Amino acid sequence: MVDIATGEVKGRHDGLMYYTLGQRQGLGIGGSGNGEPWFVADKNLEKNQLLVVQGDAHASLYSTGLIATGVNWIAGEEHMPNVPFRCTAKFRYRQPDQGVTLTWQEDGSVDVQFDQQQKAITPGQAVVFYDGEVCLGGGTIDQVQKVPVPAMQ
């Protein structure tokens, strides 16, 4: 486990597949330093590193958008590629609706831009789109557009 801010090794992990972005529990590295808990910010598969940050307000935990694939649209009108569409979305169970702008791509994927930055958006999980109480459809989060973070010192 590597501190994304400093590059310092903070501990060892049990396998990258056992951790999810935004995870706080089960890291085993305590609240050293400023006493705040540690969170999983990212994974570096090439280096087998679990990248962690201290405190839940760190920019590396947040995203500005995502790309969804395998989108099933079940209600409402079909949309033209490259024509933005407003609705709301959920990225986790019982989350309040979040304002988003969708833009269908030529390849069938959907570019989803958030009205407000979202925490711990994770590839492989679902995104579901709504118009009020009506479920419009959903897809699989394929890519996450992260908030830019300064490089490690």
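The following dialogue explains how to read several features of this predicted model.

Q: Which strands form the closed barrel, and with what pairing?
A: In general, the strands of a sheet pair through backbone hydrogen bonds, either parallel or antiparallel. Here six strands close into a barrel in the order E4-E7-E6-E5-E8-E9, and their pairing is antiparallel. From one strand to the next, the twist averages 45°. As one example of the pairing, strand E5 (residues 85-90) and E6 run antiparallel and are joined by five bridges.

Q: What is the order of the strands in the open sheet, and which strands stand at its edges?
A: The open sheet has three strands, ordered E1-E3-E2, and its pairing is mixed. Strand E1 (2-3) and strand E2 (38-44) stand at the edges; each has a single partner strand, so one side of each is left without a neighbour in the sheet. E1 runs parallel to strand E3 (residues 49-54), to which two bridges join it.

Q: Which residues of the largest nonpolar core touch the most other members?
A: The general idea is that, in soluble globular proteins, nonpolar side chains tend to be buried together. In this model the largest nonpolar core has 18 residues, and those touching the most other members are Leu66, Phe91, Val100, Leu102, Val112, Val127 and Phe129. Two or more residues of this core come from each of strand E4 (62-73), E5, E6, strand E7 (110-119), strand E8 (126-131) and strand E9 (134-146). Apart from it lies another core, of ten residues, including Tyr19, Leu27, Ile29 and Leu50.

Q: Where is glutamine 98 found, and is glutamine 98 buried or exposed?
A: Glutamine 98 is found in strand E6 (residues 98-104). Its relative accessible area is 14%, so glutamine 98 is buried, the cut-off for that class being under 20%. Glutamine 98 is the bridge partner, in E6, of alanine 89.

Q: Which polar partners does the side chain of glutamine 98 have?
A: Another is the side chain of glutamine 118, joined to that of glutamine 98 by a polar contact of 2.9 Å. Leaving aside residues up to four places away in sequence, glutamine 98 touches Cys87, Thr88, Ala89, Phe91 and Gln118. With the same exclusion, the residues that phenylalanine 91 touches include Gln98, Val100 and Gln118.

Q: What is the phi of asparagine 48, and what is that of arginine 94?
A: As background, most residues other than glycine have a negative phi. Asparagine 48 has a positive phi, near 55°, and lies in the loop between E2 and E3. With 46% relative accessibility, asparagine 48 counts as partly exposed. Arginine 94 also has a positive phi, of about 65°, and is found in the loop between E5 and E6. Arginine 94 is exposed, its relative accessible area being 69%.

Q: How many disulfides does the structure hold?
A: A disulfide is a covalent bond between the sulfur atoms of two cysteines. This structure holds zero disulfides. For cysteine 87, the nearest cysteine sulfur is that of cysteine 135, 10 Å away.

Methods
Residues are numbered from 1 along each chain as its sequence is written. This is a predicted model: local features need pLDDT of at least 70, side-chain atom pairs count only at pLDDT 80 or more; totals for chains, interfaces and linings use all residues. Side-chain values use heavy atoms; hydrogens and water are left out. Helices (H or I, at least four residues) and strands (E, at least two) are DSSP runs, numbered from the N terminus. Buried means under 20% relative accessible area, exposed over 50%, partly exposed in between (1.4 Å probe, protein chains only). A polar contact is a pair of N or O atoms within 3.5 Å; within protein, one must be able to donate a hydrogen and the other to accept it, and residues adjacent in sequence count only if both atoms are side-chain atoms. Contact means heavy atoms within 4.5 Å. Two strands pair if DSSP finds at least two bridges between them. Axes are lines fitted to C-alpha atoms, for helices over the stretch in contact, and angles run from 0 to 180 degrees between N-to-C directions. A nonpolar core is a set of buried Ala, Val, Leu, Ile, Met, Phe, Trp, Tyr and Cys residues joined through side-chain atoms within 4.5 Å. A disulfide is a pair of cysteine sulfur atoms within 2.5 Å.
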